[in-house]
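Colleague: I'm new to this one and would like to know how you back up the words you use. Could you show it to me first?

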Amino acid sequence: MTQGFPEFALEIHDLTKSFERPAVDGLSLRVRAGEFYTLLGPNGAGKTTTLRMTTGLLKPDRGSITAFGIDVLADPVAAKQIMAWLSDEPMIYDRLTPLEYLHFVAGLWGVDNDTADARARDLIGWLGLAAYAQERCEGLSKGTRQKVALAGALVHEPRLIILDEPFTGLDAASARLVKNVLRERVADGCSVIMTTHILEVAERMADRIGVMCGGRLAAEGTLDDLRRQAGAGHATLEDTFLALVETGSRLTDSGRGPIAA
Amino acid sequence: MIKAGTVAWFAQHETRLAWRDWAWLLSGGRRRRGYAVMLGLAVFVVFMHGFAYLTLAPSADFTAPPDKRLLVSIGGTLLLYWSLMLSQAMEAVTRAFYARGDLDLILSSSASAGRLFAVRIGAMAVGIAGMSLGLAAPAINVLAWLGGAHWLAAYGVVLALAMASVAISVMLTIGLFRSIGPKRTRLVAQIVAAVIGASFVIGVQLVAILSVGTLSRAILFQSQPIIDRAPDVDSLWWLPVDAAIGGGLALIIVLAAGAFVLAGAIRFCAPRFAELALAAGGVAQSSARRHRRAISFHPKSPGQALRRKEWVLLWRDPWLMSQSLMQLLYLLPPFFLLARMFYGEGSGAALLVPVLIMAAGQLAGGLAWLAISGEDAPDLIASAPVTAARVWRAKAEAVAGGIAIVFGPILFVLAIVDPRLSILTLCGITIAGSAATLIQFWFRAQVKRSLFRRRHVSSRIATFAEALSSIIWAGAGAVAVVSLSFAIIPGAVALLVLGLAWMFSPKRQ
């Protein structure tokens, strides 16, 4: 790690958010700089709520969030400058072309015009969007729209990329392309935190995996760590995941914290 | 138990859905709110009856045998009303074609789509008739009170006109589908609907300006040249008017004609609806438009990026553009009046001040809704490193830019005719536009911008406050033409409306 740079890309402490019932309940986790971190969990575990609070889209009831040493709650604009958010529903404008969309996003992040143009064209090339660059997004398939949204998330070269189910609706070739782009970004020093229900993606890509259940972290660590925590007899990640969720549910009900890594 | 797939079964299904929609619209899911809305409606009905009485009582003797003057007035009003019904029916039919809802489910089943659409055309007729009868009821009831029970026959005429409106709209829309295809029909049908709705009002105003130099329709219907040129009292042209006044045979003929046309439309058009609805469903999947030259999004600031984005999105969406600008059709008569004055052929530019202020308030409200509530990528904007205040400011500037483009040229011409009026109008447009934008900001809710036409449903308080604010600011503008000091009173009332809107706004609560 370069001296002077924070060790952690993301530090979440005692994060709490309730709607009608607790969605995130005293969550604490850390993502190291240059790490690919995946959050797993059943539906309603609080993964998306956690990420939305991290990106400043939701206000937590309690707790703190720090991105590369910047307090997200105290200085959201500075924090957003180094972050990118991509949800499973592509946030794009139907009446803009992908190229125009990328220029617009670059403008929002204050990227100068020449740099924005060069990056937009590079991303369009990398993500195989050249054929659609001048077409309005309204006619693009779900997968292509998702790639446009991903390009938008990368055009300002964020240091922390936050992804919520980015592989939903992608075909195998597109999914591989997106995985490769994300791997390249991590290799370049970028940090990624991602939720997914596709366990194979977590297994292949994540440096560490966090398993959420009932708004809390039920388990955390590398895949081997998780297998150990789940106990013997769980050969696949699916078995491991289901065992951890079951244990996590019991612990959540009894009010106890995550299983130690 | 009704047999599944029959007309009666579909009718039961549609009635249940319509009833639940209505119940939700009234109550918003809360019983107490439902009671409050019912009470509000009752007060509104009483107010409308009072308004109708004050308008009609001094205008004519409704117990006397109808003369040509009365026939012209009633005939003109019926024609005006029918054009509005036709406009509403066109919109309802277009919605039935393009809204997917449960169509995919039903069209993929083995049930007869022809029966479903027969029921839906019938339901449209019931809907249009219900709305039209509701709106006409105060005037008809007051006429019956003043002139006798025979005036209640006007209900039958309104019903017949509603049936004919739906039938004509169905045939017209199918004709458009066949001639210009499903993609263009959506836009063209919406424009046709608005033009039909506005054309008679605008046409009558234009004739009034040319003949008597005023915007008033009532004066035109009472003017001697029009009465002289109208058909004789015993002409068949007056059949619907005769029916409305209580002519028994005329009423039977008018009702039978309406029912016959509607039955014909159902019989011949319902079976074609299914294939056309399928074609309409394919519009969304059609290939995208290419742009050889991208719009330059090379902004100097995030605010500029946001402003340009708003304008480009509006410019590239002809449907939204037409919906936003359609109300500006009503500016044509005042602009024509202004043009006449510019060439020294008339006077009364003061009439323009409230019309322009009102139109600006309404347009600003629509544009502000699109920019604020109709944001299609809210997460993207919220996750950008831009403060919320800066985002809102940029969106307000985008609205102001749109208003400036539309009203700038008119103000320029007005400044040449009468600089003082031009300054007054500019102030009024700025204030009314800002007030409408503020109301949309306070009542913002995340909705897809394609639901622009249903924006009034999302908050009745916002809709009411926006309309009331524009009307009162327009009134203040009209008073200011005579005396600036007196304009303080309506201005204060308008500010009170704004204050109340803010108090009731969900964002504040």
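Colleague: Which residue is the bridge partner of A:Trp85 in E7(A)?

Modeller: A:Ile162 is the bridge partner of A:Trp85. Before we go on: this is a predicted model, where local features need pLDDT of at least 70 and side-chain atom pairs count only at pLDDT 80 or more, while totals for chains, interfaces and linings use all residues. Residues are numbered from 1 along each chain as its sequence is written, with chains lettered from A and ligands numbered from 1 in the order in which they are written.

Colleague: What makes E6(A) and E7(A) a pair?

Modeller: Strands are DSSP runs of E with at least two residues, and helices are runs of H or I with at least four, numbered from the N terminus. Two strands pair if DSSP finds at least two bridges between them. E6(A) and strand E7 (residues 160–164) of chain A have four, in the parallel sense, so they pair under that rule.

Colleague: Where do they sit in the sheet, and why is E6(A) at an edge?

Modeller: The open sheet has six strands, in the order E6-E7-E8-E3-E9-E10 (chain A), with mixed pairing. E6 (83–86) and E10 (216–221) of chain A each have a single partner strand, so one side of each lacks a neighbour in the sheet.

Colleague: How do you know that chain A matches a compact globule?

Modeller: The globule rule is 2.2 Å times the number of residues to the power 0.38, and the radius of gyration is taken over C-alpha atoms. For 261 residues that gives a value near 18 Å, and chain A has 18 Å, so the two agree.

Colleague: Why is H14(B) called mostly covered?

Modeller: A residue is buried if 20 or more other C-beta atoms, placed from the backbone, lie within 10 Å of its own; it is exposed with 12 or fewer and partly exposed in between. In H14(B), 21 of its 21 residues are buried. In chain A, buried residues make up 50% of the 261.

Colleague: And what should the span of H14(B) be?

Modeller: The expected span is 1.5 Å times one less than the number of residues. Helix H14 (residues 352–372) of chain B should therefore span 30 Å, and its end C-alpha atoms are 29 Å apart, which agrees.

Colleague: How many residues of chain A are in contact with chain B?

Modeller: Contact means that the C-beta atoms of two residues, placed from the backbone, lie within 7 Å. By that test, 31 residues of chain A are in contact with 29 of chain B. H3(A) gives the most to this side of chain A, with seven residues.
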